[in-house]
Amino acid sequence: TGRLLGQNLRTGMILAGLTLSAGALSWAEESRPVEQRDLKTIEAAFGSNDLESAEKQTTVFIRSYPKSPLLGSVENIRGLIFLKQRRTAQAIQAFTKALDYAPTAAFQQYILYNLASAQLEGRAAEEAEETLRQIHPELLDAANQLKLITLQASIYERKKQPIEAANYLSG
């Protein structure tokens with residue numbers, strides 16, 4: 001689970017991102033062991049960059065466990081897969097579904113960050129900025145707050161507002 005993606009200012013390529021705290025996942029304990037096992041398998045495939053396998057496994061999970069409390073995590077990973085494949089429209093759709101299933105406000109922050117990253121990748125800077133406004137930075141630790149600030153600066157950069165980006169980073 002701590003592989004939520006962020007934006008690299010220099011290349012625009014999706015590389016690394018927010019990490020989930022233990023508190024953000026406490027709700028996962030309510031799922032059945034088989035669901036937890038299948039989620040770990042999906043995470044392992046994603047973590048080893050076996051995106052094709054991870055995508056197939058997310059599809060099977062969604063069909064097999066339509067009422068699982070882990071659907072938010074699975075849809076989030078599905079969005080990350082699409083984002084890595086530069087399938088931004090599908091990533092946005094998956095992150096939006098993940099928000100519908102997110103069981104806690106803390107977990108929603110991570111999904112919103114990923115959604116904003118996908119929107120920015122899809123050249124929708126205004127939508128990305130609107131999504132970032134929904135994030136409560138106080139629910140993130142310091143390292144993830146920094147990633148949030150970097151994403152906001154990337155949005156300003158995309159909107160061709162370098163002065164605003166510099167002011168935001170220095171302010």
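Of the 171 residues of the chain, 46% count as buried. The structure is a predicted model, and its chain holds eight helices and zero strands, so that, read from the N terminus on, the elements run α-α-α-α-α-α-α-α. Among the contacts that join residues at least 6 apart in sequence, 57% link residues that are at least 24 apart.

**Helix 1 and helix 2**

- The axes of helix 1 and helix 2, the latter made of residues 51–64, come within 7 Å and cross at roughly 160°, and because angles over 145 degrees count as roughly antiparallel, helix 1 is described as roughly antiparallel to helix 2.
- When the handedness of this crossing is considered, helix 1 passes helix 2 in a left-handed manner.
- On the side of helix 1 the contact involves E35, D38, L39, T41, I42, A45 and F46, and these meet L51, S53, A54, Q57, T58 and F61 in helix 2.
- Sorted by class, the residues in the contact of helix 1 with helix 2 comprise seven nonpolar, four polar and two charged ones.

**Helix 1 and helix 3**

- Helix 1 also packs with helix 3, and here the two axes come within 11 Å and cross at roughly 15°, which makes helix 1 roughly parallel to helix 3.
- The crossing of helix 1 and helix 3 is left-handed.
- Helix 1 contributes L39, I42, E43 and F46 to this contact, while helix 3 contributes S73, V74, I77, L80, I81 and K84.
- The residues of the contact of helix 1 with helix 3 fall into seven nonpolar, one polar and two charged.

**Helix 3 and helix 5**

- Helix 3, which covers residues 71–84, packs against helix 5, which covers residues 105–121, at an angle of about 20° and with the axes 11 Å apart; because angles under 35 degrees count as roughly parallel, helix 3 is roughly parallel to helix 5.
- Helix 3 passes helix 5 in a left-handed crossing.
- The residues that make this contact are G72, S73, N76, L80 and L83 on helix 3, together with F107, I111, N114, S117, A118 and E121 on helix 5.
- By class, the contact of helix 3 with helix 5 is made up of five nonpolar, five polar and one charged residues.

**The aromatic pair**

- A search of the whole structure for aromatic pairs finds one, and it is formed by F61 and Y65, whose ring centres lie 4.7 Å apart and whose planes stand at 65°, so the pair is edge-to-face.
- Both members of the pair, F61 and Y65, are buried, and F61 is also among the residues of helix 2 that meet helix 1.

**Residues separated in sequence**

- E43 lies in helix 1, which spans residues 33–47, and with a relative accessibility of 10% this residue counts as buried, because the cut-off for being buried is under 20%.

**Positive phi angles in loops**

- N49 has a positive phi of about 65° although it is not a glycine, and its place in the chain is the loop between helix 1 and helix 2.
- N49 is partly exposed, with a relative accessible area of 46%.
- R123, which is likewise not a glycine, has a positive phi of about 70°, and this residue lies in the loop between helix 5 and helix 6, the latter being 125–133.
- R123 counts as exposed at 63% relative accessibility, because the cut-off for being exposed is over 50%.

Key
Residues are numbered from 1 along each chain as its sequence is written. This is a predicted model: local features need pLDDT of at least 70, side-chain atom pairs count only at pLDDT 80 or more; totals for chains, interfaces and linings use all residues. Side-chain values use heavy atoms; hydrogens and water are left out. Axes are lines fitted to C-alpha atoms, for helices over the stretch in contact, and angles run from 0 to 180 degrees between N-to-C directions. Helices (H or I, at least four residues) and strands (E, at least two) are DSSP runs, numbered from the N terminus. Angles under 35 degrees count as roughly parallel, over 145 as roughly antiparallel, 65 to 115 as roughly perpendicular and the rest as oblique. A crossing is left-handed if the near helix is turned anticlockwise from the far one by less than a right angle, and right-handed if clockwise. Contact means heavy atoms within 4.5 Å. Ala, Val, Leu, Ile, Met, Phe, Trp, Tyr, Cys and Pro count as nonpolar, Asp, Glu, Lys and Arg as charged, and the others, Gly among them, as polar. Rings of Phe, Tyr and Trp (its six-membered ring) pair if their centres lie within 6.5 Å; planes under 30 degrees apart count as stacked, over 60 as edge-to-face and the rest as tilted. Buried means under 20% relative accessible area, exposed over 50%, partly exposed in between (1.4 Å probe, protein chains only).
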